[in-house]
Amino acid sequence: MNADRKPLACLLRTAPSSALVRGRFAPSPTGRMHLGNVYAALLSYVSAKSQGGAWLLRIEDIDTQRSKAEWAERLMDDLDWLGLRWDGDVVWQSRRTALYEEMLGRLAALGVLYPCCCTRQELAAASAPHAADGHTVYDGRCRVSPRRAIENPAGQTLRLMTPPLPDERAWPAGATDEQTFADEICGPQRLQLSWEWGDFVVRRRDGAWAYQFCVAVDDALTGVTEVVRGDDLLRSTAPQRYVQALLGLPRPSRYAHIPLLLAADGRRLSKRDASLAMDALRQRHAATDLIAHLCRLSGLDADRVLALAGR
């Protein structure tokens, strides 16, 4: 763990919050959960529940090529086996198309969307890689005036403009190039959209919704107040907060990006690690032992965590 990070034990609160707390776990059903997924689920659950809050489950199944209902069902069964029970109905992204269309229409009305016709080869050749992680930043070659309406968005890749925006209207206070927020684990964050992301995709040519757009809309409209997730998604906070600001939607007040669990050889865990997948783990361990092991790894009081999970 980076020496500048706060210990994960800070996520286990000592008293309920006086404010409404709504956390969430938002997995993609593209395979069986592994130990790293359980670790993220447990920490988000602990943070919300130790404050007397709600913990929501959202199935991020917008990738119709890779997502399968059977994986979602197994995922929910694994959470139930662990004692991590969600509040309210499960939110399925695949069932929210009409809502995403409505929010897309609102962005189009603001004049901040434009069609992009760049091929993969053109994007690879023209985009500059982000210095930290190789992410490519779009150079804006298809960008047009925001006053030009998108008449027929179907069949086009749609990008969202990031500042500077071309006209002089008064934009919402949070719709700025520089996005700042406090992270409970990683500390104060300051990210510049134009340098970190460029104008980013909100819907692809084949009609598939982009991750940043859907997460921003779903977190806001389901009342999520805190986001606890892996630190591989730390940079994603900036475009998500930007979308929420443009749409005039509420934004989470608390973020905590946790370090990823790694395999013994230093690799990031994946759903290909069969020995750490939930089917194998359930054969070898009791749920209480698995939770206690993750508590030891993260420095949490296992007895308190098990009590929160009803164990």
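Ser-275 sits in the loop between strand β12 (254–258) and helix α8 (278–284); helices (H or I, at least four residues) and strands (E, at least two) are DSSP runs, numbered from the N terminus. This is a predicted model, where local features need pLDDT of at least 70, side-chain atom pairs count only at pLDDT 80 or more, and totals for chains, interfaces and linings use all residues. Residues are numbered from 1 along each chain as its sequence is written, and side-chain values use heavy atoms, with hydrogens and water left out.

Is Ser-275 buried, exposed or partly exposed? Ser-275 counts as partly exposed because its relative accessibility is 46%. Buried means under 20% relative accessible area, exposed over 50%, and partly exposed in between (1.4 Å probe, protein chains only). Neighbours within four places in sequence aside, Ser-275 is in contact with Ala-280, Leu-281 and Arg-284, where contact means heavy atoms within 4.5 Å. Ser-275 and Leu-35 are 240 residues apart in sequence, yet 9.5 Å apart in space, C-alpha to C-alpha.

Now another serine. Ser-50 is in the loop between α1 (35–49) and β2. With 7% relative accessibility, Ser-50 counts as buried. What does Ser-50 touch, not counting residues up to four places away in sequence? The list is Leu-11, Leu-12, Arg-13, Ala-15, Pro-16, Arg-304 and Leu-308. A polar atom of the Ser-50 side chain lies 2.9 Å from the backbone nitrogen of Arg-13.

Next, Ala-292, in helix α9 (residues 287–298). Ala-292 counts as buried because its relative accessibility is 13%. From Ala-292 to Leu-306 is 14 residues in sequence and 7.7 Å in space, C-alpha to C-alpha.

On to the whole protein. There are 10 helices and 12 strands. Of the 311 residues, 52% are buried. Take the contacts between residues at least 6 apart in sequence: 77% of them join residues at least 24 apart.

Then the cores. A nonpolar core is a set of buried Ala, Val, Leu, Ile, Met, Phe, Trp, Tyr and Cys residues joined through side-chain atoms within 4.5 Å. The largest has 43 residues, and Leu-107, Leu-160, Val-202, Phe-213, Tyr-242 and Leu-246 touch the most other members. At least two residues of this core come from each of β2, α3 (97–110), β4 (113–116), β7 (157–160), β10 (200–203), α6 (211–221) and α7 (237–246). Another core, of 42 residues, lies apart from it, and includes Val-38, Tyr-45, Ala-256 and Ile-258. Back to Phe-213: leaving out residues up to four places away in sequence, Phe-213 touches Tyr-100, Met-103, Leu-104, Leu-107, Val-202 and Val-243.

How many cavities of 30 Å³ or more does the structure hold? One. On a 1 Å grid over the protein atoms alone, a cavity is a set of points where a 1.4 Å probe fits but cannot get out, and lining residues have an atom within 4 Å of a point. The largest cavity has about 30 Å³ of space, a volume being the space filled by probe spheres set on the points. Its lining is Arg-24, Leu-56, Leu-57, Arg-58, Val-91, Thr-222 and Val-224. Strand β2 (residues 54–59) gives the most to that lining, three residues.

Last, a peptide bond. Most peptide bonds are trans. The bond joining Pro-163 and Pro-164 is cis, with omega about 5 degrees. Pro-164 is in the loop between β7 and β8 (178–183).

Technical notes:
On a 1 Å grid over the protein atoms alone, a cavity is a set of points where a 1.4 Å probe fits but cannot get out, and a pocket is an open set with protein on both sides within 12 Å along at least five of seven lines; lining residues have an atom within 4 Å of a point. A polar contact is a pair of N or O atoms within 3.5 Å; within protein, one must be able to donate a hydrogen and the other to accept it, and residues adjacent in sequence count only if both atoms are side-chain atoms.
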